Amino acid sequence: MKRTTIVYRALIVFAFAALLLAVIGGRFLYVQIAQGTEEHDYLQYAERQWTSEQPLHGERGTIYASNESAIAEEVSSYTIQLILRNDFGYAGVEDLLKPHGS
């Protein structure tokens with residue numbers, strides 16, 4: 001056989017093997033990612049496997065100076081919000097927000 005015939009046949013075999021591998025790999029990815037099965041949702045399973053939520057508790061203590069006096073302590077903080085809309089029945093809000101002397 002000629003060398004070109006051997007190379008030609010080897011390329012055909014290689015192309016067929018590559019095509020077969022691409023079809024099998026594509027089907028595998030389709031089933032794993034896009035489709036799943038009725039009892040298993042692979043996309044949701046993968047998302048659960050790679051993501052998690054854990055609360056981080058910022059427990060801090062007191063910071064002391066070199067003379068052992070406290071220079072920073074953890075204290076509770078609170079937020080107060082004022083709703084400034086008339087549709088809640090606060091008719092006198094505009095009077096409270098006017099500058100003095102007007």
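Guide: One term before we start: helices (H or I, at least four residues) and strands (E, at least two) are DSSP runs, numbered from the N terminus. And keep in mind that this is a predicted model.

Visitor: Fine. Where is Ser69 placed?
Guide: Ser69 is in a loop. That loop runs between strand S1 (63–64) and strand S2 (70–72).

Visitor: What does Ser69 contact, leaving aside its neighbours within four places in sequence?
Guide: Ile63 and Tyr64.

Visitor: Which residue has a positive phi although it is not a glycine?
Guide: Glu68, with a phi of about 65°. Glu68 is also in the loop between S1 and S2.

Visitor: How accessible is Glu68?
Guide: Its relative accessible area is 70%, so Glu68 is exposed.

Visitor: Let's zoom out. How many helices and strands does the protein have?
Guide: Three helices and two strands. From the N terminus on, the order is α-α-β-β-α.

Visitor: Which residues form the nonpolar patch on the surface?
Guide: Phe28, Leu29, Ile33 and Leu43. Together they have about 420 Å² of accessible area.

Visitor: Which helix gives the largest share of that patch?
Guide: Helix H1 (residues 3–35), with three residues.

Visitor: Where is Leu43 found, then?
Guide: In helix H2 (residues 42–50). Leu43 counts as partly exposed because its relative accessibility is 48%.

Technical notes: Residues are numbered from 1 along each chain as its sequence is written. This is a predicted model: local features need pLDDT of at least 70, side-chain atom pairs count only at pLDDT 80 or more; totals for chains, interfaces and linings use all residues. Side-chain values use heavy atoms; hydrogens and water are left out. Contact means heavy atoms within 4.5 Å. Patches are made of residues with over 30% relative accessible area and no salt bridge: like charges are joined within 9 Å, nonpolar side chains (Val, Leu, Ile, Met, Phe, Trp, Tyr) within 5 Å. Accessible areas come from the Shrake-Rupley method with a 1.4 Å probe; for residues, only the protein chains shown count as cover. A salt bridge is a side-chain nitrogen of Lys or Arg within 4 Å of a carboxyl oxygen of Asp or Glu. Buried means under 20% relative accessible area, exposed over 50%, partly exposed in between (1.4 Å probe, protein chains only).
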